[in-house]
Structures are given as C-alpha cells and as structure tokens.
Amino acid sequence: PATEVRLSIVPGQRDRDTIMTVLAAQLKEVGINAVVNQVETAVMNDSIAKRSFGSILSAYGLFTVDPAAMNARLTCAQIGGANLVRYCNPEMDKLLAEGVATADETKRKAIYAQAQKIFIRDVPIQVLYVPDTLAATSDRVQGFKLNPLATDAFWNAADWTVSR
C-alpha cells in the first residue's frame with residue numbers, strides 16, 4: 001500500500017490552496033497517498049506549538065523587500081518563535097547579524113549571498129515559489145510605489161496624488 005501523508009492547510013489563501021492541490025497530486029504520482037485536510041487556524045496553531053507536524057506550508061520571507069526577512073525564520077534565537085523548523089547554525093546567525101547591522105548595500109549583498117550559500121547547502125526550508133507582484137497606474141498618479149507584498153498594494157496610498 002502507498003505511504004499516507006497528511007497535508008493540513010487553513011483554507012482561504014488561493015496561492016496556498018493551489019499549492020496544496022498540486023503538491024498532493026504530484027505526491028500521488030510517485031506513489032504517496034497525500035491526503036489534504038482543511039483545518040481551522042486554532043488547530044494549525046496548536047500543531048505548530050506542539051511541533052506535531054512532519055512538514056508545514058508557511059511563508060518563508062519577503063526578500064524582495066529586504067533579505068533580512070531571513071532572520072526571523074533562520075536564527076537560533078527564533079527557535080520556539082518564527083523559526084518553525086528549529087534550524088540553528090551559528091555561522092548563519094553571524095552572517096544574518098552582520099547583514100542587518102550593515103548599511104552599505106554592496107557589503108550587505110555580499111553577506112546575504114554568503115547566507116544564501118549556507119541556506120542552499122543546509123536546506124532547512126524548501127522554498128516552493130515566490131509570488132510575482134504586478135501593478136499599473138496612470139501617468140497622472142504621482143507618488144505610487146510598488147510594494148512587493150502583494151497583499152498590501154495600498155501601503156503608501158496617503159502619498160498618492162492625481163494630476164489633471
């Protein structure tokens with residue numbers, strides 16, 4: 001019989017709902033009986049708190065805003081918090097601390113490139129996708145700035161003006 005894997009999801013986020021459907025289908029193609037369970041947020045939070053999951057679908061970080069988004073998910077200090085996978089690597093911690101403390105963009109780029117090499121080597125988290133953000137405005141709209149966080153397109157709406 002096929003190995004059964006339970007995939008739990010809090011329904012309602014179209015991208016995650018789609019990913020679970022695709023993931024379950026792909027697992028079934030290789031002989032794994034993937035069963036998708038829709039659960040309430042409280043059930044998912046309890047599972048996370050008790051670490052009673054084998055794998056979890058979760059946002060990793062929004063690196064299009066700033067690569068320091070890695071810090072919450074990968075630092076040793078965040079184990080028990082946002083570091084859901086309990087990854088701890090002192091070399092990574094050192095780089096992430098340097099990256100967030102460095103204002104020089106060239107130095108930051110080099111630091112985070114080193115951190116990404118460690119991430120790729122260790123694979124503490126399997127990144128499935130990075131959503132694209134697309135926006136368009138009229139030439140009449142001034143002050144519009146694209147926020148890579150697709151769920152917050154109006155983040156600077158107070159700065160917008162419309163010329164005639």
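These legends describe close-up views of a predicted model. Local features need pLDDT of at least 70 and side-chain atom pairs count only at pLDDT 80 or more, while totals for chains, interfaces and linings use all residues. Residues are numbered from 1 along each chain as its sequence is written, and side-chain values use heavy atoms, with hydrogens and water left out.

**View A. Helices H4 and H5 cross.** H4 spans residues 90-101 and H5 residues 105-122. Helices (H or I, at least four residues) and strands (E, at least two) are DSSP runs, numbered from the N terminus. The two axes come within 9 Å and cross at roughly 155°. H4 is therefore roughly antiparallel to H5 (angle over 145 degrees). Axes are lines fitted to C-alpha atoms over the stretch in contact, with angles from 0 to 180 degrees between N-to-C directions. The crossing is left-handed (near helix turned anticlockwise from the far one by less than a right angle).

**View B. Residues of H4 meet residues of H5.** Contact means heavy atoms within 4.5 Å. From H4 come Glu-91, Met-92, Leu-95, Leu-96, Glu-98, Gly-99 and Val-100. H5 answers with Arg-108, Ile-111, Tyr-112, Gln-114, Ala-115, Ile-118, Phe-119 and Arg-121. Nine of the contact residues are nonpolar, two polar and four charged (Ala, Val, Leu, Ile, Met, Phe, Trp, Tyr, Cys and Pro are nonpolar; Asp, Glu, Lys and Arg are charged; the others, Gly among them, are polar).

**View C. The second largest pocket holds about 200 Å³ of space.** A pocket is an open set of points on a 1 Å grid where a 1.4 Å probe fits, with protein on both sides within 12 Å along at least five of seven lines; lining residues have an atom within 4 Å of a point. The volume is the space filled by probe spheres set on the points. Of 14 lining residues, Val-10, Gln-13, Arg-16, Met-44 and Leu-57 are closest to the centre. H2 (41-50) gives the most, four residues.

**View D. Arg-51 has a positive phi of about 55°.** Arg-51 sits in the loop between H2 and H3 (70-74).

Methods:
Parallel < 35°, antiparallel > 145°, perpendicular 65-115°, else oblique.
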